[in-house]
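Subject: Structure handover

Hello,

Here is the structure I promised you. Please open it first, then read my notes beside it.

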Amino acid sequence: MKILIYIDNRKNILKKADLELAYYGHLIGEKHGGDVVAMVIGSGENAGELGKYGAKEVLNIPYDGDFDVSVFSNMIAQVAEQTGADLIVLPHNSSGKPLIGWLAAKMNLSSVAGVINIPDYDDGKLEFKKGVFSSKAFAYVKTLTDKAVVSLMPNSFSPEEVGSSVDVNTVEVDGGTPKVKVAGIEKVEGKVPLPEADIIVSGGRGMKGPENWGVLEELAEVLGAATACSRPVSDVNWRPHTEHVGQTGIVVRPNLYVALGISGAIQHLAGVNNSKTIVVINKDPEAPFFKAADYGIVADLFEVVPKLTEALKKYKAGKG
Amino acid sequence: MNLLVCISKTPDTTARISFKDDFTKFDESGIQFIMNPFDEFYSLVRAVELKEQFGGTVTILNVGPASNDIIIRKALAIGADKAVRINAEPTSAMFVAKQISEFVKDKNFDIIFFGKETIDYNGGEVMGMVAEMLDLPYVHLASHLDVEGTTGKLDRDIEGGVEKVEVEMPFVVSASKGMAEQRIPNMRGIMMAKRKPLEVVEPVEANDLVEIVKYELPKEKSGVKLVDPENVEELVRLLHEEAKVI
C-alpha cells in the first residue's frame with residue numbers, strides 16, 4: 001500500500017500534527033505492508049525530518065501562495081497520480097477539512113473525515129473508526145473504492161521516532177489559478193490551536209464573569225494549556241466563540257481536559273468526552289460532569305484553583 | 001441575490017444515542033429530530049439577513065424523506081422563501097453531493113450555503129464535493145460573511161487565527177459559529193411558512209463510496225476519583241503518576 005500524507009509547510013515549521021501524520025502513515029504501513037510518501041507544500045528546508053517519524057520519501061512542492069482548496073487539491077491529486085497512492089491522509093484541520101470532500105469528488109475516492117484508528121484492511125478495502133454524533137458514539141466506516149482519502153483527527157497518536165531523516169526531492173506540479181483571494185491573516189499570537197492542544201483548561205458559567213478568567217489563565221499557563229469555554233460562556237460573549245468547545249462548537253480530544261465551573265450538559269460532554277483524562281472542579285457535587293470525569297474536586301473553584309496552580313508550579317520547579 | 005441554503009436533519013443536541021440490530025443501525029425511536037444547528041443558526045440566518053439587506057430569494061434544499069418536511073417548514077418560518085426536497089435517504093456524503101450538484105447546475109445561485117458539518121456524522125465533506133462538481137470557489141469554516149457588489153468578503157477560521165478572504169460570486173460557503181445569531185421563528189413566520197412552496201423532486205442515480213458497518217458507544221468511565229480540596233498536591237500526584245498526563 002502506498003500512503004500519501006499531505007503537509008502544509010508554507011511557514012517552514014513542522015508541527016506536532018505533521019509528525020503525527022507521518023507516524024500514523026508509518027503505523028498503517030507497518031500493519032498492512034506499505035510505504036509512506038510525504039508531500040510537503042511550501043518549504044522543503046526541514047521536511048527531511050519527516051523521515052524520522054516514518055516517511056520513506058519526501059516530495060517538496062515549492063509554493064508560497066495562499067491556501068486555496070482547488071489549487072491544493074489539484075496539487076495533491078497530481079502527486080497522488082504520480083506516486084500511485086492508495087491512501088491519501090490529510091490532517092483534520094482548517095486545511096484538511098475543506099480538501100477531503102473536494103479530493104474525493106475530483107478523484108472519485110471513498111472518503112472518511114476525522115479518523116482515529118489504524119484501519120483494518122481486508123480484500124483491498126479499509127475500515128476506519130471515527131467519532132460520530134459529536135463523539136457520543138463511534139462508527140466503523142468501510143471504503144468501497146480501491147483508493148481512499150481520509151483526514152486524521154489531531155491527537156489520535158503520539159508521534160515517535162522510528163527512522164532517520166531522508167532526502168527531499170523537489171517536484172513541480174501546477175495547481176492552477178486560485179479561486180479565492182486571501183486578503184490578510186489575523187493571528188491570535190502565542191495560542192495553541194484547540195484541536196491540537198495536549199492540555200485544555202476550560203471555564204463555564206461557574207466562572208461568574210469574564211473578569212475572573214485570570215485564575216483560569218494562570219492555571220493554563222503553568223500547565224502549558226490552551227483555554228476553552230462552554231457554550232453559555234461564549235453566547236454571552238465572556239469569551240470568543242472560537243473557544244466554544246462542545247457539540248455545536250469544537251470537538252476536542254486532548255490528553256488532559258480540566259473543567260472549571262462547567263456543569264457538564266450533554267452537549268458539552270459530547271465535545272470533550274474523548275479526552276484521555278478529565279478533571280472536573282465544581283462546587284456542586286451533583287454536577288453531571290463528575291460522572292464523565294476521571295478526577296474531581298468538589299469545591300469553590302476560586303479557592304481551590306489558585307492552590308492547584310501553586311502546587312503545579314512547585315511540581316514543575318521540582319521536575320525542572 | 002439568489003441564495004441557496006442546504007440543510008440536514010440531525011438528532012436533537014440533547015439526544016441520547018443508541019443503536020439497534022447488533023450495533024449496525026442508529027436507533028431513531030424516541031429521538032427528536034432538528035435542523036442541523038450549523039445549518040440553522042449560522043448559514044440560514046445569514047442568508048436571510050443578506051436577502052433582507054439586498055433583496056432576492058432564499059431557497060432551501062434538503063435531501064431526505066417526507067418526514068423531513070417539518071424541519072424544512074421551520075427553515076421557511078425563519079425567513080426562507082421556498083424549498084426543494086430531493087426525495088431520497090441521504091445515505092452518504094457523495095450521494096448527497098451528487099443530488100445537490102445535479103439540482104444546482106442549471107440554476108443561477110449566487111451563494112450556496114452549508115453549515116460546517118452535521119452534528120450526527122461530523123463529516124463536513126458534502127460542500128467540498130459540491131464545489132468540485134460545479135467547479136465553484138469554496139470557502140470552508142467561515143465565521144463572517146459580507147457581500148460588496150459581486151464579491152463575498154469572509155473570515156475563515158484557521159488554527160490560532162482568522163484568514164480574511166475575498167471571492168467572486170457564485171461560490172460555496174460553509175458556516176461556522178459566529179456567522180450569525182440564532183433566530184426563533186415568530187408566529188407570523190410560522191403561519192406564512194405553511195403557504196410557501198415546497199417542491200419535491202426525485203433523486204438522480206448515485207453510488208455510495210463508503211459504508212458504515214458498525215457502531216460503538218464510548219466506554220463508561222470507571223468512576224470519578226474525588227480529591228480533597230485541602231490536598232490539591234494529591235491531584236498533581238495522580239495526574240503525574242496514575243494518568244501520566246503531566
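Keep one thing in mind: this is a predicted model. Let's begin inside the sheet of chain B.

**The sheet**

Find strand 9 of chain B, residues 138-148. Its parallel partner here is strand 12 of chain B, residues 171-175, and three bridges link the two. One pair to look up is B:Ala142, which has B:Ala175 as its bridge partner in strand 12 of chain B.

A reminder on sheets: strands pair through backbone hydrogen bonds, either parallel or antiparallel.

**The hairpin**

Go next to strand 10 of chain B, residues 151-158. Strand 10 runs antiparallel to strand 11 of chain B, and eight bridges join them. B:Leu154 is bridged to B:Val165 in strand 11 of chain B. Together the two strands form a hairpin, with two residues between them. Look at B:Gly160 in the turn: its phi is positive, about 70°.

**Where the chains meet**

Which strand of chain B does strand 11 of chain A join? The partner is strand 11 of chain B, residues 161-168. The two run antiparallel and share six bridges. Two pairs show this. A:Glu186 stands opposite B:Val162. A:Gly184 has B:Lys164 as its bridge partner.

The whole contact takes 74 residues from chain A and 67 residues from chain B. On the chain B side, 41 are nonpolar, ten are polar and 16 are charged.

Helix 8 of chain A (residues 301-319) packs against helix 6 of chain B (residues 232-242). The axes are 9 Å apart, and the angle is about 50°. That angle makes helix 8 of chain A oblique to helix 6 of chain B. Their crossing is right-handed.

Who makes the contact? From helix 8 of chain A come A:Val304, A:Lys307, A:Leu308, A:Ala311, A:Leu312 and A:Tyr315. From helix 6 of chain B come B:Val232, B:Glu233, B:Leu235 and B:Val236. By class, this contact has eight nonpolar residues, two charged ones and no polar ones.

**Domains of chain A**

The domain assignment gives chain A two entries: domain 1 (2-170) and domain 2 (194-319). Their C-alpha centres lie 31 Å apart. How many residues of domain 1 of chain A are in contact with domain 2 of chain A? Ten are, and they meet ten residues of domain 2. The domain 1 side has three nonpolar, five polar and two charged residues.

Over to you.

Conventions:
Residues numbered from 1 in each chain as written. Chains lettered and ligands numbered in written order. Predicted model: local features only at pLDDT ≥ 70, side-chain atom pairs only at ≥ 80, totals over all residues. Pairing = 2+ DSSP bridges. Helix = DSSP H or I, 4+ residues; strand = E, 2+ residues; numbered from the N terminus. Axes fitted to C-alpha atoms, helices over the stretch in contact; angles between N-to-C directions. Parallel < 35°, antiparallel > 145°, perpendicular 65-115°, else oblique. Left-handed = near helix turned anticlockwise from the far one by under 90°. Contact = placed C-beta atoms within 7 Å. Nonpolar A, V, L, I, M, F, W, Y, C, P; charged D, E, K, R; others polar. Domains from an automatic or database assignment.
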